[in-house]
Amino acid sequence: MLARYLTERAKMDARRKGGACAKHQRVVSRAVKRARFLALLPYTAEHVRISGVNPVRR
């Protein structure tokens, strides 16, 4: 149910995009953070974890 408030990169949607009022957005935010801590939701998307961050070329 909480995955509906996340983007494909596992970031939380903005309040205006998710459709929640400010009060409920705070509730959603706490619930998503709690679910991540309990390993019910990922901190990052799977494809981002596999590929990693591109190094900066100098």
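We'll begin with the whole chain and then move to single residues.

A word before you click: this is a predicted model, where local features need pLDDT of at least 70, side-chain atom pairs count only at pLDDT 80 or more, and totals for chains, interfaces and linings use all residues. Numbering starts from 1 along each chain as its sequence is written, and side-chain values use heavy atoms, with hydrogens and water left out.

**Whole chain.** Switch to cartoon view. The protein chain has three helices and zero strands, in the order α-α-α from the N terminus. Helices here are DSSP runs of H or I with at least four residues, strands are E runs of at least two, and numbering goes from the N terminus. Of the 58 residues, 22% are buried; buried means under 20% relative accessible area, exposed over 50%, and partly exposed in between (1.4 Å probe, protein chains only).

**The positive patch.** Select Arg15, Arg16, Lys17, Lys23, Arg26, Arg30 and Arg34, which gather in a patch of positive charge on the surface. Two elements give two or more residues to this patch, α1 (15–18) and α2 (22–37), and α2 gives the most, with four. To join a patch, a residue needs over 30% relative accessible area and no salt bridge, and like charges are joined within 9 Å. A salt bridge would be a side-chain nitrogen of Lys or Arg within 4 Å of a carboxyl oxygen of Asp or Glu.

**Two neighbours in sequence.** Zoom in on arginine 26, in helix α2. Arginine 26 counts as partly exposed because its relative accessibility is 48%. Now click glutamine 25, also in helix α2. Is glutamine 25 buried or exposed? At 15% relative accessibility, glutamine 25 counts as buried. Leaving aside residues up to four places away in sequence, glutamine 25 touches Asp13, Arg15 and Ala20 (contact means heavy atoms within 4.5 Å).

Select alanine 10, in the segment before α1. Alanine 10 has a positive phi of about 70° although it isn't a glycine, and it's buried, at 6% relative accessible area. Then jump to alanine 39, in the loop between α2 and α3 (46–51). Its phi is also positive, near 65°, but alanine 39 is exposed, with a relative accessible area of 65%.

Terms used
Patches are made of residues with over 30% relative accessible area and no salt bridge: like charges are joined within 9 Å, nonpolar side chains (Val, Leu, Ile, Met, Phe, Trp, Tyr) within 5 Å. Accessible areas come from the Shrake-Rupley method with a 1.4 Å probe; for residues, only the protein chains shown count as cover. Lys and Arg count as positive and Asp and Glu as negative; His and the chain ends are not counted. The place of a charge is taken as NZ of Lys, CZ of Arg, CG of Asp or CD of Glu.
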